[in-house]
Amino acid sequence: ILVSIVNYRTAGHCISCLTSLAAACEALRGLRVVVADGASGDGSVEILEDWIADNGHKEWINVLPLTINGGFGWAHNQVII
């Protein structure tokens, strides 16, 4: 299962979502999460990457920093391409 999350300047909300998915990760082997950051420019990418590393989630969560904010649907498409 692949979970695609779009972030734009809401790293705190994204971390709350990722925290709730951590329990599901244990039950659903092979669960992967990709957080597409729509060029937030507010440090969201670094905040998310630090949180992922600090909590030992590098194996199942990746951050995809996008160079532009192409919108919600476009960001999801970048995850599945």
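Leaving aside its neighbours within four places in sequence, with which residues is tryptophan 60 in contact? In this predicted model, the partners of tryptophan 60 are Leu18, Leu21, Ala22, Cys25, Leu31, Arg32 and Val33. Tryptophan 60 itself lies in the loop that runs between helix H2 (44-54) and strand S3 (61-66).

Two residues can be set side by side by their relative accessible area.

| Residue | Relative accessible area | State |
|---|---|---|
| Tryptophan 60 | 8% | buried |
| Isoleucine 80 | 62% | exposed |

Tryptophan 60 counts as buried because its relative accessible area of 8% falls under the 20% cut-off, whereas isoleucine 80 counts as exposed because its value of 62% is over 50%. Isoleucine 80 belongs to helix H3, which covers residues 72-80, and together with Leu2 and Ile81 it forms a nonpolar patch on the surface, with about 360 Å² of accessible area for the three together.

Aspartate 37 sits in strand S2, made of residues 32-38. Although aspartate 37 is buried, it has no salt bridge, and the nearest side chain of opposite charge, that of arginine 9, is 8.1 Å away. Beyond its neighbours within four places in sequence, aspartate 37 is in contact with Asn7, Ser44, Val45, Leu64, Pro65 and Leu66.

How values were computed: Residues are numbered from 1 along each chain as its sequence is written. This is a predicted model: local features need pLDDT of at least 70, side-chain atom pairs count only at pLDDT 80 or more; totals for chains, interfaces and linings use all residues. Side-chain values use heavy atoms; hydrogens and water are left out. Patches are made of residues with over 30% relative accessible area and no salt bridge: like charges are joined within 9 Å, nonpolar side chains (Val, Leu, Ile, Met, Phe, Trp, Tyr) within 5 Å. Accessible areas come from the Shrake-Rupley method with a 1.4 Å probe; for residues, only the protein chains shown count as cover. A salt bridge is a side-chain nitrogen of Lys or Arg within 4 Å of a carboxyl oxygen of Asp or Glu. Helices (H or I, at least four residues) and strands (E, at least two) are DSSP runs, numbered from the N terminus. Buried means under 20% relative accessible area, exposed over 50%, partly exposed in between (1.4 Å probe, protein chains only). Lys and Arg count as positive and Asp and Glu as negative; His and the chain ends are not counted. Contact means heavy atoms within 4.5 Å.
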